[in-house]
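Hello,

Here is the structure we spoke about. Please open it first, then read the notes below.

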Amino acid sequence: MSDQQKTGETRVGRLAGFDIPRIGMGTMALAIEGRPDRETAIETIRAALDEGVRYLDTAWSYYLPSRPGTGEPEDLGYGERLVRDALASWDGPRERVLVATKTGYRRTCEAVAAGGKAGASGASGASAADVSRETPDAKNTAKPARQHLQAVGSRYGWMADSRPETIIRDAKESAAHLGVEALDLLYSHGPDPAVPYADQVGALRDLLDAGVIRYAGISRVNREQIDIARGILGDKLIAVQNQFSPSHPDPEHTLEYCEQLGLAFVCWSPLGGFLDPVDQHAYDPFREVAAKLGVSHQRVTLAWELAQYPRLFTIPSARNPQEIHDSFAATRLELAPDDLARLNASVAARRQAMAAGM
């Protein structure tokens, strides 16, 4: 081990009433396209728990439609049920594990035409990434369609549906999938252009008042939306979950805004993600530091993220126990000041360039 690599106590933070390590586990990769078999997925979650993970992050929409559309009844809740079954078969302290989930999205699946290419399904009819279109209703009056996110070349996508009645219904279904009376922490999965943001957050307020959820969070948001949510949810809004990594370095500075407000900041896709193209050159400085320390660049990346803010949590995905072992080791990796300064400078330059191009 290099003299510059230090190991010590696991970095711990407080979230939704739990004192937990600040590296949790995102479970999306265990439930969507490319997912492992169910037994491996459950083994991976249990391995994470054995390693020390005490924050599992899932979503109502972590499933895979078995046919064109938004999914059959037997498809829904797959990811949440994986978490439930892994916890039920684990012999550790279940009461110390924070389980967070999200509502407001659905999965979509396009039909494959005779030529082998995906064609628009009846679910949304959208095929471009991050599109909000206008489609006529039965009376031929225009209304916003659901937002559709889709990776290039994939037949699977994500469709926003954050109508208050949908959020409330899905939250109750999530509690049933997870086998709990109340959800520890529920995030609104993302703004829906077809629904006023205050109405989406109002659904979270209704769920809090009804005791369906204990705490609320919001995701994929800007500063204005954070302010709207704070005004409606008050101190029950405890976390913002936004994308943050060296390749997607938060050009709107929502991390700093959360620090000003005292909100937890949870990184999704902390190692790059899959919906958007990832510029691997953004990780070159991290690879160089990793080579010097004799560890993976993923571990260095996660340790760098933890160093940004004491209330930052990061939730890397994993498809096997080895990946989560490597990720969780970042809670015990302290970067030397000169390495940290170098990495900060490389990411700051990238963020400035991204902001200039917005």
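**Helix pairs**

Start with α7 and α10, which are roughly antiparallel to each other. Their axes come within 10 Å and cross at roughly 165°, and an angle over 145 degrees counts as roughly antiparallel. Helix α7 covers residues 284–293, and helix α10 covers residues 337–356. The crossing of α7 past α10 is left-handed. On the α7 side, the contact is made by Pro285, Phe286, Glu288, Val289 and Lys292. On the α10 side, Asp339, Arg342, Leu343, Ser346 and Val347 take part. By class, that contact has 5 nonpolar, 1 polar and 4 charged residues.

Please keep in mind that this is a predicted model.

Next come α5 and α6. Helix α5 is residues 223–233, and helix α6 is residues 254–261. Their axes come within 10 Å and cross at roughly 30°. That angle makes α5 roughly parallel to α6, because angles under 35 degrees count as roughly parallel. The crossing of α5 past α6 is right-handed. From α5, the contact uses Arg223, Ile226, Asp227 and Arg230. From α6, it uses Thr254, Tyr257, Cys258 and Leu261. The residues of this contact divide into 4 nonpolar, 1 polar and 3 charged.

Helix α5 also meets helix α4, which is residues 197–209. The axes of α4 and α5 come within 9 Å and cross at roughly 35°. This crossing is right-handed. The α4 residues in the contact are Tyr197, Ala198, Val201, Gly202, Leu204, Arg205 and Leu208. The α5 residues are Gln225, Ile228, Ala229, Ile232 and Leu233. By class, the contact of α4 with α5 has 9 nonpolar, 2 polar and 1 charged residues.

**The chain as a whole**

Now step back. The protein chain has 10 helices and 17 strands. Of its 358 residues, 53% count as buried. Take the contacts in the chain with a separation of 6 or more: residues 24 or more positions apart account for 74% of them. The accessible surface comes to about 15,100 Å². Carbon and sulfur atoms hold 49% of that surface.

Look at tyrosine 187 in strand β13, residues 183–188. Tyrosine 187 counts as buried because its relative accessibility is 0%. What does tyrosine 187 touch, not counting residues up to four places away in sequence? The list is Tyr55, Asp57, Ala100, Thr101, Lys102, Thr103, Gly217, Ile218, Ala239, Gln241 and Val266. Tyrosine 187 and valine 240 are 53 residues apart in sequence. In space, their C-alpha atoms are 8.3 Å apart.

Then go to threonine 314, in strand β17, residues 312–314. Threonine 314 has 0% relative accessibility, so it counts as buried. Leaving out residues up to four places away in sequence, threonine 314 touches Arg22, Ile23, Gly24, Cys267, Pro270, Leu302, Glu305 and Leu306.

Most residues other than glycine have a negative phi.

Alanine 16 has a phi near 55°, a positive value in a residue other than glycine. Alanine 16 is in the loop between β1 (12–15) and β2 (18–21). With a relative accessible area of 11%, alanine 16 is buried.

Arginine 220 has a positive phi of about 55°, although it is not a glycine. Arginine 220 is in the loop between β14 (213–219) and α5. Is arginine 220 buried or partly exposed? At 30% relative accessibility, arginine 220 counts as partly exposed.

The last stop is aspartate 75. It lies in the loop between β4 (55–57) and α2 (78–88). At 10% relative accessibility, aspartate 75 counts as buried, since buried means under 20%. Aspartate 75 and proline 65 are 10 residues apart in sequence and 6.1 Å apart in space, C-alpha to C-alpha. Leaving aside neighbours within four places in sequence, aspartate 75 is in contact with Tyr63, Leu64, Pro65, Ser66 and Arg81.

Best wishes

Terms used: Residues are numbered from 1 along each chain as its sequence is written. This is a predicted model: local features need pLDDT of at least 70, side-chain atom pairs count only at pLDDT 80 or more; totals for chains, interfaces and linings use all residues. Side-chain values use heavy atoms; hydrogens and water are left out. Axes are lines fitted to C-alpha atoms, for helices over the stretch in contact, and angles run from 0 to 180 degrees between N-to-C directions. Helices (H or I, at least four residues) and strands (E, at least two) are DSSP runs, numbered from the N terminus. Angles under 35 degrees count as roughly parallel, over 145 as roughly antiparallel, 65 to 115 as roughly perpendicular and the rest as oblique. A crossing is left-handed if the near helix is turned anticlockwise from the far one by less than a right angle, and right-handed if clockwise. Contact means heavy atoms within 4.5 Å. Ala, Val, Leu, Ile, Met, Phe, Trp, Tyr, Cys and Pro count as nonpolar, Asp, Glu, Lys and Arg as charged, and the others, Gly among them, as polar. Buried means under 20% relative accessible area, exposed over 50%, partly exposed in between (1.4 Å probe, protein chains only). Accessible areas come from the Shrake-Rupley method with a 1.4 Å probe; for residues, only the protein chains shown count as cover.
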